[in-house]
Amino acid sequence: MRFLRLLLFGLLITVPALAGTAYVPFVTAARPATGGTQVNFDLTNLGTVPRLGTVHFVAAGENGNAGGTDLLSLRMDPGKIYPRTCCGNASGLLILSGAPQIAYNVYLEE
């Protein structure tokens with residue numbers, strides 16, 4: 001019985017770390033006059049303790065079963081913003097995952 005309680009307690013601790021995954025599809029347009037379109041994203045840990053977060057990219061037309069290209073996988077300190085730029089002129093899918101305390105901001109820049 002004690003083992004079962006410890007197992008359930010362990011699950012309560014680990015489940016928030018694997019809170020969920022968000023999928024952000026996007027299409028960029030090649031714009032030779034302006035140099036094209038880039039995808040920018042910021043991650044912020046809104047919690048009070050360090051949290052894990054990841055961002056992967058799957059290009060349009062590629063098989064995403066392997067999880068895509070790893071753009072960011074790190075342990076984020078509370079209150080710190082982690083800006084990144086990726087995928088110049090490429091369309092595809094961003095896969096965002098991590099703790100529920102992590103805020104994602106994704107935008108296209110032309």
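# A guided reading of the predicted model

The mean pLDDT of the protein is 77, and 75% of its residues reach 70 or more; pLDDT is the predictor's confidence in each residue, from 0 to 100. Over residues 1-18 the pLDDT falls below 50, and this stretch has four contacts in the model beyond near neighbours in sequence; a contact means heavy atoms within 4.5 Å. Where pLDDT is low, the predicted coordinates should not be read in detail. Because this is a predicted model, local features need pLDDT of at least 70 and side-chain atom pairs count only at pLDDT 80 or more, while totals for chains, interfaces and linings use all residues. Residues are numbered from 1 along each chain as its sequence is written, and side-chain values use heavy atoms, with hydrogens and water left out.

Helices (H or I, at least four residues) and strands (E, at least two) are DSSP runs, numbered from the N terminus. Along the sequence the pattern reads α-β-β-β-β-β-β-β. Among contacts between residues at least 6 apart in sequence, 77% join residues at least 24 apart.

Three of the strands form an open sheet in the order S5-S2-S7, with antiparallel pairing; two strands pair if DSSP finds at least two bridges between them. S5 and strand S7 (102-109) stand at the edges with a single partner strand each, so one side of each is left without a neighbour in the sheet. Neighbouring strands of this sheet are turned by 15 degrees against each other on average, direction ignored; the axes are lines fitted to C-alpha atoms, for helices over the stretch in contact, and angles run from 0 to 180 degrees between N-to-C directions. Eight bridges join S2 to S7, and Asn-40 stands opposite Tyr-107 in S7.

The interior may be considered next. Of the 110 residues, 29% count as buried, which means under 20% relative accessible area, whereas exposed is over 50% and partly exposed lies in between (1.4 Å probe, protein chains only). The largest nonpolar core has 16 residues, and those with the most contacts inside it are Phe-41, Leu-43, Val-55 and Leu-94. Such a core is a set of buried Ala, Val, Leu, Ile, Met, Phe, Trp, Tyr and Cys residues joined through side-chain atoms within 4.5 Å. At least two residues of this core come from each of S2 (38-45), S3 (51-59), S4 (69-76), S5 (81-86) and S6 (92-98). Beyond four places in sequence, the contacts of Leu-43 include Val-55, Leu-72, Ile-81 and Tyr-104.

Val-39 is placed in strand S2 and counts as buried because its relative accessibility is 1%. Val-39 lies 50 residues from Asn-89 in sequence, yet their C-alpha atoms are 8.5 Å apart. Phe-26, in strand S1 (residues 20-26), is also buried, with a relative accessible area of 9%. Phe-26 and Val-39 are 13 residues apart in sequence and 8.8 Å apart from C-alpha to C-alpha. Phe-26 touches Val-39, and among its other contacts beyond four places in sequence are Phe-57, Leu-94 and Leu-108.

The side chain of Thr-54 makes a polar contact with the side chain of Ser-97 (2.5 Å). A polar contact is a pair of N or O atoms within 3.5 Å; within protein, one must be able to donate a hydrogen and the other to accept it, and residues adjacent in sequence count only if both atoms are side-chain atoms.
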